Amino acid sequence: MSAIDVKPCDGVGAEVLGADLSGDLTNSEFATLRDAFSEYGVIFFRDQTLSPEQHIAFARRWGDINVNRFFKPVDGYPQIAEVRKEPDQTANIGGGWHTDHSYDVEPAMGSILVARDVPEKGGDTMFANMYAAYDALSDGLKETLNNLKAVHSSRHIFGDESVAYTKDSDIGNRLGNSDAATQDAVHPVIITHPLSGRKALYVNMAFTLRFDGWTAEESKPLLDYLYTHACAPQFTTTFKWKPGSIAFWDNRATWHYAINDYHGQRRLMHRITIEGCALH
Ligand code: SIN
């Protein structure tokens, strides 16, 4: 029996109470977390005190760690990516709806984001539920989308031509390795989630370029419809960070959006990403 309590949030996700992620979780506790992750798409924890080593140990319990190609790592910990915005910076990382790594042939399973330094006010993260977004589509549109694949790429976001590296953005100094932005991948538009077996919508406005076999111009109206549909308020929740908060999201079941409303304050998060698998 596990003493862990899982409290679903409105829209997407669940808050997990009674788990100490810094220690050795029993198999039964771990199974409770895995079931909550698979069902709710993102799980939230409060009041955790994880050292970088404990963050890495918790992540390894879920799978292999994906060492980020583009984000600056934490000093001494290449497995941990920094998500940082200083008081004098204006652009933030992740400030638009997206799901990470959809440009990879085997997209990362998800990320464990630990709050290290949070603004007094602002800097929340929104999450959206891609299971619910799929479920709410009409049978006709589901059938059409079930027969489509989409092309995703990292080039326009992390490559030299990205807006991150224009003179108007100050985000380029927190990213790097633009030469490595060579990933292109084709995935089904509707995936069967590898853990839950449920169907989920798998396109996102950051990395999806077009439907496979369609031009970008032909794809745009239907993609725009799906983007507007999928982040409707009833599919979303907003997570307010406090020191010691952790969010662990599933890239195959959710999108996320880091709100950039805290200019003049510092926000520093540590992110570990876990490898995933091909999607069908
Ligand atoms: C990200 O997109 O990985 C960053 C999320 C956040 O900082 O809240």
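This is a predicted model: local features need pLDDT of at least 70, side-chain atom pairs count only at pLDDT 80 or more; totals for chains, interfaces and linings use all residues.
Three strands form an open sheet in the order S14-S8-S16, and the pairing is antiparallel. Strand S14, residues 236-239, and strand S16, residues 254-258, are at the edges. Each of those two has a single partner strand, so one side of each has no neighbour in the sheet. From one strand to the next, the twist averages 20 degrees.

Now the pairings themselves. S8 covers residues 125-129 and is joined to S14 by four bridges, with the two strands running antiparallel. Between S8 and S16 there are five bridges, again in the antiparallel sense. Which residues are the bridge partners of Met126? In S14 the partner is Thr238, and in S16 the partner is Tyr257. One more point on S16: being an edge strand of this sheet does not leave it open to solvent along its length, because four of its five residues are buried and the strand is largely enclosed by the rest of the structure.

Next, the helices. H1, residues 27-40, packs with H2 at an angle of about 75 degrees, and the axes are 11 Å apart. An angle anywhere from 65 to 115 degrees counts as roughly perpendicular, so that is how H1 stands to H2. On the H1 side, the residues in contact are Asn27, Phe30, Leu33, Arg34 and Phe37. On the H2 side, they are Phe58, Arg61 and Trp62. By type, the residues of this contact divide into five nonpolar, one polar and two charged.

Met109 is in the loop between S6 and S7, and it counts as buried because its relative accessible area is 9%. What does Met109 touch, leaving out residues up to four places away in sequence? The list is Phe37, Trp62, Phe248, Trp249, Asp250, Asn251, Arg252, Ile274, Glu275 and Gly276. Phe37 belongs to H1 and Trp62 to H2, and both are also in the contact between those helices. Gly276 is 167 residues from Met109 in sequence, yet the two C-alpha atoms are 4.1 Å apart.

On to charged pairs. Side chains of opposite charge can pair when their charged atoms come close.

The one between Arg46 and Glu15 has its closest N and O atoms 3.8 Å apart. Arg46 lies in the loop between S3 and H2, while Glu15 is in strand S2, residues 14-17, so this pair ties together parts that are 31 residues apart in sequence. Glu15 is partly exposed, at 24% relative accessibility.

Arg84 pairs with Glu82, with 2.8 Å between the closest N and O atoms. Glu82 counts as buried, at 15% relative accessibility.

Salt bridges with shared partners join Glu82, Arg84, Glu86, Asp117 and Arg266 into one network.

Last, the backbone. Most residues other than glycine have a negative phi. Two residues here go the other way. Asp47 has a phi near 55 degrees, and His101 has one of about 65 degrees.

Where do they sit, and are they buried or exposed? Asp47 is in the loop between strand S3 (42-45) and helix H2 (52-62). Asp47 counts as exposed because its relative accessibility is 68%, and the cut-off for exposed is over 50%. His101 is in the loop between strand S6 (77-85) and strand S7 (110-117). His101 is buried, with a relative accessible area of 2%. That loop between S6 and S7 also holds Met109.

That is the end of the tour.

Technical notes
Residues are numbered from 1 along each chain as its sequence is written. Side-chain values use heavy atoms; hydrogens and water are left out. Buried means under 20% relative accessible area, exposed over 50%, partly exposed in between (1.4 Å probe, protein chains only). Two strands pair if DSSP finds at least two bridges between them. Axes are lines fitted to C-alpha atoms, for helices over the stretch in contact, and angles run from 0 to 180 degrees between N-to-C directions. Contact means heavy atoms within 4.5 Å. A salt bridge is a side-chain nitrogen of Lys or Arg within 4 Å of a carboxyl oxygen of Asp or Glu. Angles under 35 degrees count as roughly parallel, over 145 as roughly antiparallel, 65 to 115 as roughly perpendicular and the rest as oblique. Ala, Val, Leu, Ile, Met, Phe, Trp, Tyr, Cys and Pro count as nonpolar, Asp, Glu, Lys and Arg as charged, and the others, Gly among them, as polar.
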